[in-house]
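The following exercises concern the structure shown below.

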Amino acid sequence: MKYTSQAVAKPYFIAAMGLFVAQVLFGLIMGLQYVIGDFLFPHIPFNVARMVHTNALIVWLLMGFMGSAYYLVPEEAETELHSPKLALILFWVFLIAAALTVIGYLAVPYATLARITGNDLLPTMGREFLEQPTITKIGIVIVALGFLYNISMTFLKGKKTAITSVLLLGLWGLAIFFLFSFYNPHNLVRDKFYWWWVVHLWVEGVWELILGALLAFVLIKVTGVDREVIEKWLYVIVTLALVTGMIGTGHHYFWIGAPEFWHWWGSIFSALEPVPFFAMTLFAFNMVNRRRREHPNRAATLWALGTGVMAFLGAGVWGFMHTLAPVNYYTHGTQITAAHGHMAFYGAYVMVVITMISYAMPLMRGRAANSNKAQVVEMWGFWLMTVSMVFITLFLTAAGILQVWLQRVSETPMSFMATQDQIALFYWMREVSGVIFLIGLVVYLISFFVKGEEQAA
Amino acid sequence: MTAALSDPGEPPRLRGDLAIWVFILAELLAFGVFFAAYAVTRAYNVEAFNTAQAGLDRNIGAINTLLLISGSWCVVRAVQAARADRQTPAMRWMGVALLCGLGFLVAKVFEYQAKFALGLTMDSDTFHMFYFSLTFFHFMHVVLGVCILAILLFKLGRGAYGSHDVHGLETGAAYWHMVDLAWIVLFPLVYVMR
């Protein structure tokens with residue numbers, strides 16, 4: 001760690017991991033509710049578990065991005081963070097707001113939460129992934145603005161690199177697109193547009209810039225390859241990601257009442273969305289093969305390579321699988337979508353945040369890398385989580401194919417619930433994989449406490 | 001002229017930056033997928049496509065083809081001149097190439113105007129969906145290409161390129177040739193082929 005202010009990343013990373021555990025636990029609860037419908041009813045209904053599962057993910061990834069930026073930007077800009085104090089204040093504001101929101105989800109019915117948080121003054125609640133009460137959304141905007149101010153001031157006073165420029169573009173885009181969540185038109189078609197401009201333009205747009213920048217940063221550090229080479233790749237990847245991702249938004253316009261030409265534009269451009277992910281995989285492996293040093297933190301390198309591969313599979317291949325309009329006509333909103341969602345979020349965003357944590361955490365704790373023993377445990381965590389995520393995805397895909405067949409393709413289509421009964425076996429297998437994922441996560445967290453001989457920073 | 005394009009004594013190398021070639025391949029892939037979609041859809045609706053196609057202005061299309069091919073030739077001459085340290089001719093060729101690109105855009109605007117006047121849009125029928133999509137997608141590439149040529153012209157004026165360095169110039173030129181190439185497929189496919 002070159003600058004003391006980089007250490008503000010630490011609480012962000014720790015809180016992110018805490019929320020990650022919560023996310024997985026609620027995932028398991030939901031997974032069980034798929035097959036045992038009244039599990040934990042009426043205390044934690046399915047819709048509440050789902051909200052906590054997805055919202056916790058978003059919040060912890062945002063925490064991870066913020067922590068990563070607080071660590072990365074000072075180092076790249078070669079200067080101390082503009083205000084470490086502001087970063088810490090915002091951390092607590094964010095954490096408390098997130099905790100209160102989750103408590104709100106769990107303690108009272110959603111409609112009551114909407115009423116007591118004054119949703120009728122500025123209605124923003126009720127949309128998937130953006131369920132947060134309006135006051136929480138305002139809190140997120142305040143935290144994001146303070147964070148962007150802090151990071152941008154650091155950027156402006158220091159050295160400007162391609163990595164920080166791309167990262168800042170991504171983070172500013174993230175904040176700006178979130179503003180669409182405050183507009184909630186009555187017209188359902190228009191509502192869907194604004195909703196996708198948050199959801200899609202985040203994960204298939206600006207978040208990819210953040211992903212690319214973080215990956216490039218870690219690769220420079222662990223491989224020692226020339227910055228010039230890495231930056232060129234970064235530019236190519238983010239341009240491809242932005243062009244395909246932005247026009248690819250059209251794959252959400254197929255059935256919402258938008259003009260028909262979107263069937264073509266959405267299909268063609270989103271079919272090209274795997275290209276930047278493939279480039280990213282090539283990039284990661286190419287850089288590691290051309291490495292000019294053996295960095296002692298092998299675990300971080302493993303996470304970086306894993307990010308490339310899993311993002312390509314989850315976001316690229318599994319996304320392509322159901323992105324063409326004639327295919328999506330059948331698969332829309334089935335377990336195929338869930339399969340894609342799981343592997344894409346894990347492969348692209350969970351793994352890149354863990355890559356940053358894996359690289360930066362030992363440095364913040366005063367060593368170049370963790371002991372060999374700790375790294376071995378960490379790599380066990382990597383493999384357990386990654387392999388079980390592959391299985392979760394495969395089982396959900398199988399469930400999805402069967403669901404599409406029984407419910408939509410068959411000559412005598414079955415009802416939704418009757419179909420769910422038929423695919424229960426796959427839900428059970430997914431749940432078992434989920435338990436192994438949790439074990440992997442626990443093993444990963446244990447690796448932080450494993451001692452052994454460490455290399456000095 | 002081929003002899004002048006590459007020095008026989010020189011070992012083969014990729015002209016322009018590797019990154020631009022990644023872009024060019026990605027762009028051609030996007031065009032290629034669009035062309036394939038057009039071709040397949042047309043195969044199922046030959047009659048309807050032929051009828052709608054008859055309404056296209058092939059003269060403007062042909063003029064535009066000439067403009068783009070001439071523009072590409074001018075860019076080649078500009079690169080050659082710059083490599084030989086003849087700055088003024090290089091700028092002149094680049095200037096003409098830029099005019100060709102601008103001419104293409106102006107002609108295209110007139111063409112669109114005529115179509116809109118007839119009330120045709122992307123929603124009119126499948127043929128016009130493809131016609132507007134493909135030509136507009138290409139139009140935006142010409143806009144970017146023209147911007148690139150303008151930057152190259154500006155930098156030529158400041159003496160940035162010469163026998164000492166043509167890397168940036170070749171990189172921009174390669175992009176322009178891609179824009180040209182895409183049109184050379186697009187024009188016969190959408191305007192001419194029956």
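**Exercise 1. Determine how many salt bridges there are over all chains, and examine two of them.**

Solution. A salt bridge is a side-chain nitrogen of Lys or Arg within 4 Å of a carboxyl oxygen of Asp or Glu. By this rule, the count over all chains comes to 14 salt bridges. The model is predicted, so local features need pLDDT of at least 70 and side-chain atom pairs count only at pLDDT 80 or more, whereas totals for chains, interfaces and linings use all residues. Residues are numbered from 1 along each chain as its sequence is written, chains are lettered from A and ligands numbered from 1 in the order in which they are written, and side-chain values use heavy atoms, with hydrogens and water left out.

Step 1. A:Lys2 forms a salt bridge with A:Glu75, and their closest N and O atoms are 3.8 Å apart. This pair links distant parts of the chain, 73 residues apart: A:Lys2 lies in the segment before helix H1 (9-35) of chain A, and A:Glu75 lies in helix H2 of chain A. Helices (H or I, at least four residues) and strands (E, at least two) are DSSP runs, numbered from the N terminus.

Step 2. Between chain A and chain B the count is one salt bridge. A:Lys232 forms a salt bridge with B:Asp17, with the closest N and O atoms 2.9 Å apart.

**Exercise 2. Describe the interface of chain A and chain B: how many residues are in contact, and which residues of chain A lose the most area?**

Solution. Step 1. With contact meaning heavy atoms within 4.5 Å, 14 residues of chain A are in contact with 17 residues of chain B.

Step 1. Buried area is the accessible area (1.4 Å probe) that two parts lose on being put together, summed over both. Chain A and chain B bury about 1,400 Å² between them, and 87% of it is on carbon and sulfur atoms. On the chain A side, A:Trp264, A:Trp265 and A:Ile268 lose the most area to chain B, together 40% of what that side buries.

**Exercise 3. State how helix H2 and helix H7 of chain A are placed, and which residues meet.**

Solution. Step 1. Axes are lines fitted to C-alpha atoms, for helices over the stretch in contact, and angles run from 0 to 180 degrees between N-to-C directions. The axes of H2 (residues 46-77) and H7 (residues 188-223) of chain A come within 11 Å and cross at roughly 45°. H2(A) is therefore oblique to H7(A); angles under 35 degrees count as roughly parallel, over 145 as roughly antiparallel, 65 to 115 as roughly perpendicular and the rest as oblique.

Step 1. H2(A) passes H7(A) in a left-handed crossing. A crossing is left-handed if the near helix is turned anticlockwise from the far one by less than a right angle, and right-handed if clockwise.

Step 2. The residues of H2(A) that meet H7(A) include A:Phe65, A:Tyr71 and A:Glu75, and among their partners in H7(A) are A:Trp202, A:Trp207 and A:Lys221. By class, this contact of H2(A) with H7(A) has twelve nonpolar, one polar and three charged residues. Ala, Val, Leu, Ile, Met, Phe, Trp, Tyr, Cys and Pro count as nonpolar, Asp, Glu, Lys and Arg as charged, and the others, Gly among them, as polar.

**Exercise 4. Describe the packing of helix H3 and H5 of chain A.**

Solution. Step 1. H3 (residues 84-107) of chain A and H5(A) pack at an angle of about 160°, with their axes 10 Å apart. H3(A) is therefore roughly antiparallel to H5(A).

Step 1. H3(A) passes H5(A) in a left-handed crossing. Among the residues making the contact are A:Phe94 of H3(A) and A:Phe147 of H5(A). By class, the contact of H3(A) with H5(A) has nine nonpolar, four polar and no charged residues.

**Exercise 5. Locate A:Pro42 and A:Phe129.**

Solution. A:Pro42 is found in the loop between H1 and H2 of chain A, and a cis peptide bond with omega of about 5° joins A:Phe41 to A:Pro42. A:Phe129 is found in the loop between helix H4 (110-116) and helix H5 (134-157) of chain A; A:Phe129 has a positive phi of about 70° although it is not a glycine.
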